[in-house]
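Hello,

Here is the structure I promised to pass on. Have a look at it first, and my notes on what turned up follow below.

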Amino acid sequence: MTGYAALQVLLFVPTLLAFVLCAVGGALSLVVLGLPLLAIGMPLLRWTAQRHRVMAARCLGIEVPPGPRRTPPGEPLYGRLMLWARDPMTWRELAWALASITIGFTVSLAFLVLFLGIVTGLVWWYGTEPIMRGRARLDLMFLAYGRTERLEQRVAELTETRADVVDHAAAELRRIERDLHDGAQARLVALSMSLGLAEEAFATDPERARALVNDARTTTSAALTDLRNVVRGIHPPVLADRGLAGAVQALALDLPLPVEVEASLPGRPPAPVESALYFTIAECLANIGKHSGAGNAWVLMRHRDGILQAIVGDDGAGGADPGAGTGMLGVMRRLAAFDGTMTVASPVGGPTIVTLEVPCALSSPKTAPSSVSD
């Protein structure tokens with residue numbers, strides 16, 4: 001706690017600077033000069049507030065998650081500033097900064113003086129816990145959401161993810177309809193026409209009728225293949241038969257580069273979660289094959305502390321941007337429906353590591369393989 005007090009004293013300068021930049025930038029926000037000040041002050045304020053939030057949570061022995069601020073990738077400066085301005089936590093952090101550079105700084109500095117003083121050592125020894133806990137409660141009074149606010153945020157998240165799921169379901173229905181119309185339906189129409197011509201030709205030209213029947217048989221096989229592809233896009237049979245590990249291994253075999261698959265799953269996740277994670281891994285592997293230029297890739301799947309985690313990596317060129325295309329955004333929307341998350345680490349030069357996490361419980365295994373590698 002003495003170390004935390006020292007850090008709080010050291011963070012006085014960046015907190016003061018962030019508060020001044022935000023205050024002056026906000027006052028000048030009607031003119032262009034205020035925007036650069038806010039662009040510097042707001043991230044600095046969020047950074048210092050998060051450091052104090054973590055220290056306060058550790059002093060009190062509780063878990064305090066950071067305020068959810070989701071800034072869309074590629075958002076321009078003005079858009080980011082407007083999102084931050086509409087976030088209630090931004091205003092609470094400004095109020096906290098004012099309290100921190102006055103009352104909070106005084107408390108932490110007084111605590112250090114007690115620690116450094118020879119005659120005040122006894123007071124420091126017995127006053128450590130109440131002083132620092134009081135400072136922590138002061139910080140969390142501003143920096144932690146209340147129960148009502150957390151419920152409001154949860155409702156907003158569920159509303160957003162529900163809209164994404166509805167949009168995704170509608171897009172999937174359109175894709176299935178398009179695949180059936182352009183593939184199986186067209187082949188079945190051709191099949192019907194071939195059989196009709198063959199029926200007419202049986203009496204007059206048996207050889208031509210036999211050729212038409214052979215064409216119809218070929219068309220039937222192609223239509224069945226199209227239907228299997230459509231079914232595989234909805235829910236792959238290999239996923240139901242062999243589970244997530246076996247299905248991912250089958251995906252890896254189709255890639256033009258070696259992919260090591262390692263899974264440690266003592267059971268099977270719920271079917272919707274299993275399907276969502278399968279398709280997200282499939283999207284990640286497809287991106288590796290198309291864009292990474294990698295020589296090797298790997299997939300690690302495990303279940304720890306109620307979290308199903310899949311890590312997909314490659315030794316390619318790196319520089320992957322989740323906001324650059326629709327594929328990764330679709331992955332994030334698919335996982336968000338199950339409170340899942342996706343993080344991407346892809347420095348230029350590689351490696352690229354995509355971490356997928358979905359909270360869920362595992363049931364008893366329905367398939368034999370639980371750990372496979374290739």
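Let me start with the sheet. Strand β2 (residues 297-304) and strand β3 (residues 307-314) pair in the antiparallel sense, with eight bridges between them; pairing here requires that DSSP finds at least two bridges between two strands. Within this pair, Ala 297 sits opposite Asp 314 of β3.

Before going on, a word on the source: this is a predicted model, in which local features need pLDDT of at least 70 and side-chain atom pairs count only at pLDDT 80 or more, while totals for chains, interfaces and linings use all residues. Residues are numbered from 1 along each chain as its sequence is written, and side-chain values use heavy atoms, with hydrogens and water left out. Helices (H or I, at least four residues) and strands (E, at least two) are DSSP runs, numbered from the N terminus.

On its other pairing, β3 joins β5 in the antiparallel sense over eight bridges, and Leu 308 faces Val 358 in β5. β5 also pairs with β4, again antiparallel, over five bridges, where Thr 341 is opposite Glu 357. Six residues lie between the strands in the β4 and β5 hairpin, and Gly 349 takes a positive phi near 100 degrees there.

Put together, five strands make an open sheet with mixed pairing, in the order β1-β2-β3-β5-β4. β1 (259-264) and β4 (341-345) are at the edges with a single partner strand each, so one side of each has no neighbour in the sheet.

Now for the helices. The axes of α9 (residues 237-253) and α10 (residues 271-292) come within 10 Å and cross at roughly 15 degrees; axes are lines fitted to C-alpha atoms, for helices over the stretch in contact, and angles run from 0 to 180 degrees between N-to-C directions. That makes α9 roughly parallel to α10, a label for angles under 35 degrees.

Finally, the structure holds four salt bridges, each being a side-chain nitrogen of Lys or Arg within 4 Å of a carboxyl oxygen of Asp or Glu. One of them joins Arg 53 and Glu 93 at 3.2 Å, N to O. Arg 53 belongs to helix α3 (residues 34-60) and Glu 93 to helix α5 (residues 88-116), so this pair ties together parts that are 40 residues apart in sequence.

Best wishes

Conventions:
Parallel < 35°, antiparallel > 145°, perpendicular 65-115°, else oblique.
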